[in-house]
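Notebook open, structure up. I want to look at the ligand site and then at one strand and its neighbours.

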Amino acid sequence: MQVKKGEEYIVDIIDNGLDGEGIAKINDFTIFVAQTVKGEKVKALILKVNKSYAFAKAIEIIEKSENRVYEDCSTYRRCGGCSLRYLDYDTTLDIKEEMVKNCLNKFKLNNIKVKPIIAMGNPFNYRNKLQYPLGIDRNGNAIMGVFAKRSHEIIPVENCKIQNSLSQQVAKDAFEFIKSNNISVYNEASLNGTIRHIIIRIGVITNEIMLILVVNDNNIKKEKEFVEYITHKYPEVKTIIKNYNTKNTNVILGDKNEIIYGDGYIYDYLGDYKFKISPLSFYQTNPVQTEALYNKALSYASLTGKETVLDLYCGIGTIGIFASKKAKQVYGIEVIENAVKDAQENAKINGIKNANFYCGEVENILSDVIDKNNIKPEVVFVDPPRKGLDNKTIGILKELSPQKIVYISCNPATLARDLSLLQEKYNIEEVTPVDMFPYTSHVECVSVMKLKQIVKH
Ligand SMILES: C[S@@+](CC[C@H](N)C(=O)[O-])C[C@H]1O[C@@H](n2cnc3c(N)ncnc32)[C@H](O)[C@@H]1O
């Protein structure tokens, strides 16, 4: 039986998929039913049919899971951020553990132990980075909010449950000022107008705020008054930056920054260490869970002080700096130049003398860094972006053969793929999921691999 768009079917939800959505089968044909959970029976309306699967929404919950909860956010269904907001926290954690197991199973890695997920004590208001697009609504009025899922329609957000509360207040006030002073905002249809995004980054320990206005041109009317208004109302705002993005693109930030207030950066603490954060640098968005993640990664590395350590995809040097106390020497590699500068300065700020950071793509400069420093690292941390490791890097790692690889990943699908490629040389001991992004469908993982010993007869 072929399912048809617009038709309704009564289905049992038998599992949850990689985006948290419920999975049902009609004669072996897969139906992804948004916002449903394993164990439920629902009436599903088919929205889109592809060759081997279809998307549907539940129009009636016939047998409801006892793990469903009151939905405390009016926008989550449309914004797609917290796609698991309809479930109690423990169930979201179970789904994430299952997701990791399913990804490993796809690569026949069923033998790898998946440890219980490291949950967050208070899984609310945890994000230290907010990015709200600005635009023009149907009535021609300026609007700020979040993009609706898979679209560029902006939906206003009353109270986001996962963003930092102070960041939300600053963003709202910044927008009110923009609106009431008729400051031009970007119009995606005509590609005209000035302000495209408001970004707020906050150091949750220091309470220092960076406000970034992503602009399409340099015509901010009343720029000086804006700066005065915001910094007077919020002394926490330490720096304001204009970031130029004139391209018709989904990428939020452009390459060029202009500081219009303060020094262009903020500080925050992770554990005992102080970190400088620049506008373009990656910095983990949930600092509480980041500490838990790094501590787990470090315990997996079990450093003794004698090891040479690589921190690949190092961002502003956070993992390497955490490891430096227990390592002989740390070498970090990162592609964003400003992040490398921050990493070098972060080492200095924290009085660390045994960490060096290099700028470039891991796949292109790793061999040079090794040759130039004449090193044979015992432990390698890798923390790549969602697409995971490329084949060249995997080849170099196999050749290098460090005793341990600690793999930190924000995408269990690419983690599983890469583990399967490394298992020829490595025993993969276990994977620990970490709930870095509560109530969203995302899950972070940290895994440890030990070099297989060649038995000589
Ligand atoms: C998931 S982040 C991890 C950053 C850091 N380890 C942390 O915990 O904050 C991945 C980092 O890899 C960098 N990156 C992406 N592709 C890269 C490449 N091919 N070579 C080096 N760095 C890269 C990104 O700029 C980003 O800083």
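I started with Glu334: an N or O atom in its side chain sits 2.7 Å from an oxygen atom of the ligand. This is a predicted model, so I'm reading distances as computed values. Next I checked Tyr294, where a side-chain N or O atom comes to 2.5 Å from a ligand oxygen.

How much of the ligand's accessible area does the protein cover? I get 90% of the 600 Å² that the ligand has on its own. Helix H6 (318-324) and helix H8 (362-373) are the elements that give two or more residues to the shell.

I then listed the shell itself: 18 residues, with Gln284, Tyr294, Glu334, Val362 and Asp383 the closest. By class, I have 10 nonpolar, 4 polar and 4 charged.

Moved on to strand E22, residues 404-409. Buried or exposed? I find 6 of its 6 residues buried. Lys404, Val406 and Ile408 point one way, while Ile405, Tyr407 and Ser409 point the other way.

Which strands pair with E22? Strand E21 (residues 379-382) runs parallel to E22 and is joined to it by 4 bridges, and I noted Val382 opposite Tyr407. Strand E24 (residues 444-451) runs antiparallel to E22, with 6 bridges; there, Met449 is the bridge partner of Ile405.

Key: Residues are numbered from 1 along each chain as its sequence is written. This is a predicted model: local features need pLDDT of at least 70, side-chain atom pairs count only at pLDDT 80 or more; totals for chains, interfaces and linings use all residues. Side-chain values use heavy atoms; hydrogens and water are left out. Buried means under 20% relative accessible area, exposed over 50%, partly exposed in between (1.4 Å probe, protein chains only). Two strands pair if DSSP finds at least two bridges between them. A residue is near a molecule or strand if one of its heavy atoms lies within 4 Å of it. A polar contact is a pair of N or O atoms within 3.5 Å; within protein, one must be able to donate a hydrogen and the other to accept it, and residues adjacent in sequence count only if both atoms are side-chain atoms. Accessible areas come from the Shrake-Rupley method with a 1.4 Å probe; for residues, only the protein chains shown count as cover. Ala, Val, Leu, Ile, Met, Phe, Trp, Tyr, Cys and Pro count as nonpolar, Asp, Glu, Lys and Arg as charged, and the others, Gly among them, as polar.
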